[in-house]
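Work through the exercises below with the sequence and the model side by side, and try each task before you read its solution.

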Amino acid sequence: MNKIDTNHEPVIESGKSVWLKYLGGMALAFLPLLLLIEDPHWLNIIAFTYLMAGLASSWNIIGGFGGQFSLGHGVFFGIGAYMTAKLYITLGWSPWGIMLMAAALAALVSVLISWPTFRLRGPFFAIATLAFNEVAFVIANHFDSVTGGPRGLMIPFKAGFQNMIFKERWQYALLMFAFVALVIAISIGVRRSRLGYYLLAVREDEDSARASGIHVLQVKLQGMALSAALTAIGGTLFTMYLRFIDPPTLFNLQEVGVKFALLSLIGGVGTIAGPLLGAALIVPFENFLRAELANALPGVNLAVLGLLMVLAALFMKRGIVGAYEDLMKHWRHKKGQS
Amino acid sequence: MDQFLNVLVFGLLLGGIYGLVSIGLNLIFGVVRIVNFAQGELVMFGMYGCYWAYVQLGMNPYLSVLVVAPLVGLLGVAIQRLVIQPLHNESNMQIFATFGLLMMFQNIMLAMSRGEAFSIGGTMGAEVLSVGDLKISVVRLVTLVATTLITIGLHVFLRQTMMGKAIRAVTQDKRAARVMGINVEKTFLITFGIGAALAGMAGALLTPIYSITPGVGGNFIMAAFAVVVLGGLGSVWGAYFGGLIVGVVEAFAGYYIDPALKSAVWFLIFLVVLIVRPAGLMGQVGAEEVGFREQN
Amino acid sequence: MSTPLLEVTNVSKHFLGLKAVDGVSLSVQKGEIVSIIGPNGAGKTTFFNLLTGQLEPTAGEVKLRGQVINRLAPHDRARQGMGRTFQIAKPLIALNALENVMIGAFMRHRSMSVATDKAMTVLERVGLAHLARRRAGDLTLSERRRLEVARAMALEPEIVLLDEVMAGLNQSEVGNAIELLQGLHADGLTFLIIEHNLKVVRAFSERVVVLDRGRWIGEGTADEILTSPAVIKAYLGEGHMGVQSKQTTEVNA
């Protein structure tokens, strides 16, 4: 048997190759912004798509790589949002600085709440994270002196880079693009690092991981902290874009917390491009549904998303990326046969 | 002091409602070992079905249970066969799938009802029994009684019938049950059907009490999770007593502290039980199922 | 006699009245090869789990290099030089063989490049270098078993615990595997293995320990044990001793 390996490609894809693909992919993702820069309606959709892609990618670090299906990332989103709004309104601090603080706080909170819940298996972990989201909602409503309660917080318009408030919509879209570009770059960095491999091992089988010297809890917490920090940053950006936040907007599971997971699933959970592809597909589509049909049929956009979630779980577990890979394999196989 | 008694009674009655909603969820988990996120929506379907029968056919809600429950039960069988069974070892995908069903069901109902809320209550819901200083809502009392009867009935079913014994065998040890010749897939189907029917039943019984909106299931599902965990997964009486306890705790917390803290109560119970005593009060299913393990 | 590398004293594991492991003692000197045999349900894998820390003993002590490690977490035991394979291997099927081994290598080498090199070296050692870029999911059973061993080897262990690493392999694959293990032993590794395949036990053991229903029932050289009446009695109903029986391989050990 010929045991000589004649394939000269490196066994692990080289950094150069990966980052080139990244630049190409991000350039492609940037195109819609360039092409539609004159259209405020589309710019809004594009901005949201980038934002949701970034949030989904953040979730993907712990949910996709690590296999820990948190349904409660809305909590970290909310921390970013409320901290930004409150500190900007009352103290006038720059949202850029608050963003970093909120990221740190979210990371800390995520470690505190995950430490007892990571011992729970699959569905129970999900339920616990869901419950945290519900509790955050109640807290936000209750402590109205801090959060404005049900009435929410409104940020007056005062343009300026320091305030993270922009006159032009394309500037916001650019900001959101920078966000998703950052999160994806971090995802790639993580995936190609020891932490990334450890997260994958933990996802596959925790006992095997332990036997390989992996401190499972520590790895999960690290992944979660990073994921939470990035999600909080998304919360900051969201707040400064919309300039209005209230508890339902931030903690609605179907619109926010679960959506991050849903976009990742449809695009390809655990992959790098998956969350971006999922967002690119779903956000404009859902926007269309909501705009065209929601007046006649309220909630139809969410019903369709729910259906997509069920279908994806049943038939397209590996999402768009997985379907593409299967197609490539099939095509390569066919080529090899002829 | 008399307020204390009132709150206690209110809590017990509330507990009856929670128990009713949780019993189906608990059964499904004990046997099929999945958490059905859409259970609240099955209750909601029960409520809408009952309302429809009331409005279109003039049927008394307590009577329409006989029609509504089996229908929701059939939906449950369909869910198990079409959605859960294909995903039988993939717990993460099951989470997505049942949550997706939750979204579908809730929002289809929202679209169909255009967001209008319905209510049967009226005079029936307002009837109150006065015992001394105690005020007891009749419809809630009926619900508690019904829950008790249903629990007893389920207990008898599980102990005395062939199907019930099969269900218990599968709950204990799926592989051993299969070796003994029990058709595990069929047992799953039947269990999900029963669990769904119980949810539909709960919905019908709750129609006089709650106003009927597409999101009404959300009122119960978190509490139901707390009940199921507290009572012990797979235990019918666990769900019953767990429900009572959760109801009472919630009532007292609501009265003496703040009614808005409901979800915090459910959540605290859920978390504390899972950390301190994962098998719950009467759990049939071991701690490993819930995933409690040495933390390292 | 110097301190044994691994010493187990009177270790028991009770589960709600079931004594999965009952008062077992065992010691392994550095450089030894010790086999654990016993009928199904004897508690062998549970015993391993007590050694590697997946389970905590109800009673008794586990000592590594003379230090009691009862409370040491599994990942710390790995760090202390204990490598282990599982009966049902769970490689990351979407990753290639090299990446799977890297996961072990990362324990002692944080950097990607060093871990990659180390993993490649290990793959060469176990004869899988030509499959470095093959998806783990596409490997044959015998290749997967080698991968399991490689991942444990990447930890640079002092003692390796193998749990039925030969199960399901054919005659020639078993022969190759024995050759590999003998080579690794010659490199200085200590082995504690659970085996059903008695040919392997004969070819690759210095000492054999017999467990039955959680209890230690005998110990000696391979020849002594395989002809001992007590041991044969324990195996009665499993088939004639000395004959390699495929039916005895089962999931529950």
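**Exercise 1.** In this predicted model, determine what share of the contacts in chain B with a separation of 6 or more comes from residues 24 or more positions apart, and then describe the overall build of chain B.

*Solution.* Begin with the contacts: in chain B, 77% of those with a separation of 6 or more are between residues 24 or more positions apart. Next, turn to the secondary structure, where chain B has 13 helices and two strands. The radius of gyration of chain B is 19 Å, close to the 19 Å that the globule rule gives for 296 residues, so chain B is as compact as a globular protein of that length. Along the principal axes, its C-alpha atoms fill a box of roughly 55 × 45 × 35 Å. Finally, 54% of the 296 residues of chain B count as buried.

**Exercise 2.** Find which residues have the most contacts inside the largest nonpolar core, and follow one of them to its partners.

*Solution.* The largest nonpolar core holds 294 residues, and those with the most contacts inside it are Met309(A), Ala226(B) and Phe270(B). To this core, domain 1 (1-81 + 158-173 + 182-244) and domain 2 (89-156) of chain C each contribute at least three residues. Now take Ala226(B): once its neighbours within four places in sequence are left aside, its contacts are Val246(B), Trp266(B), Ile269(B) and Phe270(B). As general background, nonpolar side chains tend to be buried together in soluble globular proteins.

**Exercise 3.** Describe how chain B meets chain A, stating how many residues each chain gives and which elements of chain B take part.

*Solution.* Start with the count, which is 39 residues from chain B and 38 residues from chain A. On the side of chain B that touches chain A, two or more residues come from each of helix H4 (91-113), helix H10 (217-231) and helix H12 (262-276) of chain B. The largest share, 15 residues, is that of H4(B). Sorted by class, this side of chain B has 28 nonpolar, nine polar and two charged residues.

**Exercise 4.** Repeat the analysis for the contact between chain C and chain A, again working from the count to the classes of residue.

*Solution.* Here chain C gives 27 residues and chain A gives 22 residues. On the side of chain C that touches chain A, helix H2 (74-79), helix H3 (97-105) and helix H4 (112-126) of chain C each supply at least two residues. H3(C) provides the largest share of this side, namely five residues.

Key:
Residues numbered from 1 in each chain as written. Chains lettered and ligands numbered in written order. Predicted model: local features only at pLDDT ≥ 70, side-chain atom pairs only at ≥ 80, totals over all residues. Core = buried A, V, L, I, M, F, W, Y, C linked by C-beta atoms within 7 Å. Buried ≥ 20, exposed ≤ 12 C-beta atoms within 10 Å, placed from the backbone. Domains from an automatic or database assignment. Contact = placed C-beta atoms within 7 Å. Helix = DSSP H or I, 4+ residues; strand = E, 2+ residues; numbered from the N terminus. Nonpolar A, V, L, I, M, F, W, Y, C, P; charged D, E, K, R; others polar. Rg over C-alpha atoms; globule rule 2.2 N^0.38 Å.
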